[in-house]
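Hi everyone, thanks for coming. I'd like to walk you through a protein that may be new to you, so please take a look at the sequence and the structure first.

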Amino acid sequence: METAITAEGLRKSYGDHHALKGIDLTVPAGTVLGVLGPNGAGKTTTVRILATLLQPDGGRATVAGYDLAKQPVEVRRNIGLTGQYAAVDERLTGRENIELIGVLLHLGRRAAKARAAELLEQFGLTDAGDRMAKTYSGGMRRRLDLAASLVARPPVLFLDEPTTGLDLTSRLALWDTIRDQVRNGTTVLLTTQYLEEADQLADRLAVIDKGTVIADGTPDELKRKVGGERLEVAVADPADLAATARALAAVSPVDPVVDEETRSVSVPLTGGVAALSAAAAGLDELGIEPEDFAVRRSSLDDVFLALTGHTGASDGQPETDPTEQQKSGPRKSAQTKEKEPA
């Protein structure tokens with residue numbers, strides 16, 4: 001299986017609201033696709049369709065080699081899903097939560113117990129395995145939720161904003177866990193509003209806005225497309241800003257940007273090392289000694305802002321769609337729905 005996920009022209013509407021207007025995605029096996037977009041862009045709707053939790057109004061898709069419309073049961077057998085909220089039963093222990101999923105997946109009680117022990121160790125939860133989940137921290141619950149989605153060793157894993165609300169330490173721990181799964185051959189579709197998370201984990205990115213994919217590529221490709229590298233020079237004396245701008249204008253086809261608050265001047269860097277050398281020589285001729293002389297690369301925040309008009313910082317509010325009501329307590333993973341209608 002060279003391609004784990006394909007989507008062609010996926011559409012979904014709720015009355016007059018067009019949540020998806022023709023989504024196209026391709027995810028090679030054993031890679032991570034990061035899906036970015038502001039709230040309401042269509043990220044969660046896309047995941048719910050690919051996980052067989054929603055019927056699309058149009059388009060087609062395959063997941064793990066199976067047609068979404070014609071073979072939904074086979075799709076469910078080959079995917080794991082971790083949603084925006086940790087879906088664990090707080091009245092059960094961590095071990096019991098995982099064993100329950102194993103039983104629902106028809107592993108048999110003995111195999112379910114063995115798999116639970118294996119996953120608790122893998123996710124660093126063995127010592128807490130016999131405590132009720134309500135005593136777990138937020139990071140522990142997310143790890144338990146992810147462990148439960150991997151009971152059947154699915155080749156494809158959907159992670160819908162899995163680190164929303166976690167502190168930095170818990171996020172870093174979960175990133176390591178996701179990397180481990182990918183090293184073992186799992187394909188991951190990850191939606192996130194944390195741009196650093198996408199930069200760290202994703203092999204490729206798809207940016208969705210208003211129900212369509214507006215850009216895709218590797219993180220570096222998108223950064224280069226939006227702005228590439230910039231030369232930024234900071235000076236101690238604001239009176240030197242005008243002269244600094246003239247020196248930098250001589251090495252770039254684009255007008256310099258002057259920031260009086262930070263006493264800095266920046267220009268796109270298109271001439272490589274030669275442009276850097278020329279800029280340094282120009283400043284030296286003018287007798288200007290910079291406080292800072294640095295090449296800055298565009299960040300994913302710059303990409304996100306340029307493409308969507310929104311800042312990239314997450315406010316911690318997950319995306320919802322008009323039909324979804326979030327509830328407390330556990331939810332079924334996609335893998336437990338085999339007897340339900342598609």
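This is a predicted model: local features need pLDDT of at least 70, side-chain atom pairs count only at pLDDT 80 or more; totals for chains, interfaces and linings use all residues.

Let's start with two helices: the axes of α8, residues 219–226, and α11, residues 300–308, approach within 9 Å of one another and cross at roughly 60°. At that angle, α8 is oblique to α11. As for the hand of the crossing, α8 passes α11 in a left-handed one. On the α8 side, the contact is made by Pro219, Leu222, Lys223 and Val226, and on the α11 side by Leu300, Asp302, Val303 and Ala306. Sorted by class, that contact of α8 with α11 holds six nonpolar residues, no polar ones and two charged ones.

Now let me step back to the whole protein for a moment. How many helices and strands does the secondary structure come to? There are 11 helices and 14 strands. The protein has 342 residues, and buried residues make up 49% of them. If you take the contacts with a separation of 6 or more, 70% of them are between residues 24 or more positions apart.

On to a second helix pair. Why do we give an angle and a distance each time? Two packed helices are described by the angle between their axes and the distance between the axes. For α3, residues 94–104, and α5, residues 138–149, the axes come within 9 Å and cross at roughly 25°. That makes α3 roughly parallel to α5, since angles under 35 degrees count that way. The crossing of α3 and α5 is right-handed.

Who meets whom here? From α3 we have Gly94, Asn97, Ile98 and Ile101, and from α5 they meet Leu144, Ala147 and Ala148. By class, the contact of α3 with α5 has five nonpolar residues, two polar ones and no charged ones.

In α3, the buried residues are Gly94, Asn97, Ile98, Glu99, Ile101 and Gly102. These buried residues of α3 pack against α5 and also against α4, residues 109–122.

Let's zoom in on Asn97, which sits in helix α3. Is Asn97 buried or exposed? With a relative accessible area of 9%, Asn97 is buried, because the cut-off for buried is under 20%. A polar atom of the Asn97 side chain lies 2.9 Å from the backbone nitrogen of Asp89. Leaving out residues up to four places away in sequence, Asn97 touches Val88, Asp89, Leu92, Ala133 and Leu144.

Over in helix α5, our next stop is Arg142. What lies 2.6 Å from a polar atom of the Arg142 side chain? That would be the backbone oxygen of Pro162. Setting aside neighbours within four places in sequence, Arg142 is in contact with a group of residues that includes Thr82, Gly83, Gln84, Tyr85 and Ala86, and also Glu161, Pro162, Thr163, Leu166 and Leu174.

Staying in this part of the sequence, Ala173 belongs to helix α6, residues 168–183. Ala173 is partly exposed, at 32% relative accessible area. Ala173 and Gly139 are 34 residues apart in sequence, and their C-alpha atoms are 8.4 Å apart in space.

Finally, let's visit a few backbone angles. Just after α3, His106 takes a positive phi of about 65°. Arg153 is not a glycine, yet it has a positive phi of about 50°. You'll find Arg153 in the loop between α5 and β7, residues 156–160, and at 54% relative accessibility Arg153 counts as exposed. Lys210, another residue other than glycine, has a positive phi near 55°. Where is Lys210? Lys210 is in the loop between β9, residues 204–209, and β10, residues 212–217. With a relative accessible area of 61%, Lys210 is exposed.

Definitions and conventions: Residues are numbered from 1 along each chain as its sequence is written. Side-chain values use heavy atoms; hydrogens and water are left out. Axes are lines fitted to C-alpha atoms, for helices over the stretch in contact, and angles run from 0 to 180 degrees between N-to-C directions. Helices (H or I, at least four residues) and strands (E, at least two) are DSSP runs, numbered from the N terminus. Angles under 35 degrees count as roughly parallel, over 145 as roughly antiparallel, 65 to 115 as roughly perpendicular and the rest as oblique. A crossing is left-handed if the near helix is turned anticlockwise from the far one by less than a right angle, and right-handed if clockwise. Contact means heavy atoms within 4.5 Å. Ala, Val, Leu, Ile, Met, Phe, Trp, Tyr, Cys and Pro count as nonpolar, Asp, Glu, Lys and Arg as charged, and the others, Gly among them, as polar. A polar contact is a pair of N or O atoms within 3.5 Å; within protein, one must be able to donate a hydrogen and the other to accept it, and residues adjacent in sequence count only if both atoms are side-chain atoms. Buried means under 20% relative accessible area, exposed over 50%, partly exposed in between (1.4 Å probe, protein chains only).
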